[in-house]
Every structure is written in C-alpha cells, then in structure tokens.
Amino acid sequence: MQIAIVLYQGMTALDAIGPYEVFRSMPDAEIRFVSHQPQPITTDSGVLVLGATHSYDETPQPDIVLVPGSSADTTTAMADKQLTTWLKKVHHTTQLTLSVCSGALVLAAAGILDGHPATTHWLAQSALKAFGSESRKHERIVKSGKIVTAAGVSAGIDLALQIVKDLHGQERAEISQLLIEYDPIPPVNSGHPSKASKTVYKKAKAEALRDAKNPRNAISIPQILWRAAIQKARKKFAA
C-alpha cells in the first residue's frame, strides 16, 4: 500500500512525522514524502529540515494521501496550483484522503471538501465554511466517506491509529500504538479551547496569529479567493 505524505515549505513537522511513525509499522506500507520534486523542505520552525523523496509526477496513484498543515504557510500551499491540481487528480483513485491540522484547508482549496464535514486546527475552523465544508470543531477526527480529517498537530497520531485500526484491525492498531509507546498522560489539560482558561486561550490565539503572519499571504489569499469564486460560478452554470 503506497502512502504519500505531502511536504511543502513551511509545513508543520509533527503533522507529517506523527502519522509517519504510526504508518511505518503497518504491514506492506510503502511510504514516500512527496513534493514538486525530491528536495529538502524547511519546516515552519525554520530550523528542522525534512526530505521529499518523490515528486508529484512520480506518485500518480497513491493508495493513501496525507496533507499536513502549517502555522504560517497554509495559504501558500492552498494557492499552489501544482499541489492542488495533483491532490484533486489523485483523490479520484485514492483509498483514503487524509489531512492533519490546517492541511484540511489545502484539501478544501483543491475542491475536495466541498459538501463534506471536516475538522482542522481550532484557529482555522471558520475558514472551512468558505469552501463549502461543514466545520466539526468539537471533533478530533472526522470521517466523510474516504476523506478523514484531523484536528491540530498532535491529532495526526490519533488519525493514523484510526486508519490502521480500520484497515488492519484492533490488534494491529494496538501493536502500532505500543511500538511508539503512545500513552499520553499530559501534565496539563488545555489541549482544546473547550478545556483552556480564557487567559490561556487569549494568549495562545495571539501567539498563533502572530506566528501566522506571512508576507506571501498578500498574494496567496487573493489567488485562493479568485479560484473559489470561479469554481462556484462554474458549478452554478453546470447545475
């Protein structure tokens, strides 16, 4: 089973690496990290560098595709025509199409989430509606047909375990969980807005918005909105 994990400049490392650590113990899994071309990918920390092993052209029919999110470069990925065109094409033949965190918005920009419920990072939930998706902000994992979306960052591990369970059963998922010793007992309990204090929520939101500032948004956002408007008009005429 070929699993393609998308990498793009500025993506969040754990969104991809968390699921990777689960998937790599799955029987017969062939994992490849895909991008425009094999190349180094600098994550949103600006420090950690990952490697894309294959290009989109070299990966025309993955069984599973997973799109990670980003703290600052989601809109750049959403406006990346080569990426969204590839996603739209491979989605027709995938067994599963997955996203973690704001990777859901990249799927949405490719037209994949139209009419589907989905989740994403708590800060980005409202953006789903603009692409015809129903936000499920209180759910960590949302399934809609072969599309499965996960909430922010760490939820990618839960997503991957759910996929292993669905494909290979409870025991295999438990083995995968044990291999990575995923047994979270966090010393704090503010992992979702519903659990965080007002002070923590306010400070976390301000920090996230600060980190999300990106000069490329001035180009990317108009491109995304323009494409969405054209797509809506095309659907109207088609009806």
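Predicted model: local features only at pLDDT ≥ 70, side-chain atom pairs only at ≥ 80, totals over all residues.
Let me start with the surroundings of Ser99, which, once its neighbours within four places in sequence are left aside, is in contact with Val67, Ala104, Leu107, Val148, Thr149, Ala150 and Leu159.

Ser99 itself is found in strand S7, which covers residues 96-100. Is Ser99 buried or exposed? Its relative accessibility is 0%, and because buried means under 20%, Ser99 counts as buried.

One of the contacts of Ser99 is Val67, and that residue takes us to strand S6, residues 64-67, where Val65 and Val67 lie on one side and Ile64 and Leu66 on the other, with all four of them buried, so that both faces of the strand are covered. As a general point, side chains in a regular strand alternate between the two faces of the sheet.

Which strands pair with S6? Strand S1, residues 2-6, pairs with S6 in the parallel sense over 3 bridges, and S7 also pairs with S6 in the parallel sense, over 4 bridges.

Finally, let me turn to helix H1, residues 13-23, in which Ala13, Asp15, Ala16, Gly18, Pro19, Val22 and Phe23 are buried.

Definitions and conventions: Residues numbered from 1 in each chain as written. Heavy atoms only, no water. Helix = DSSP H or I, 4+ residues; strand = E, 2+ residues; numbered from the N terminus. Buried < 20%, exposed > 50% of the residue type's maximum accessible area, 1.4 Å probe, protein only. Contact = heavy atoms within 4.5 Å. Pairing = 2+ DSSP bridges.
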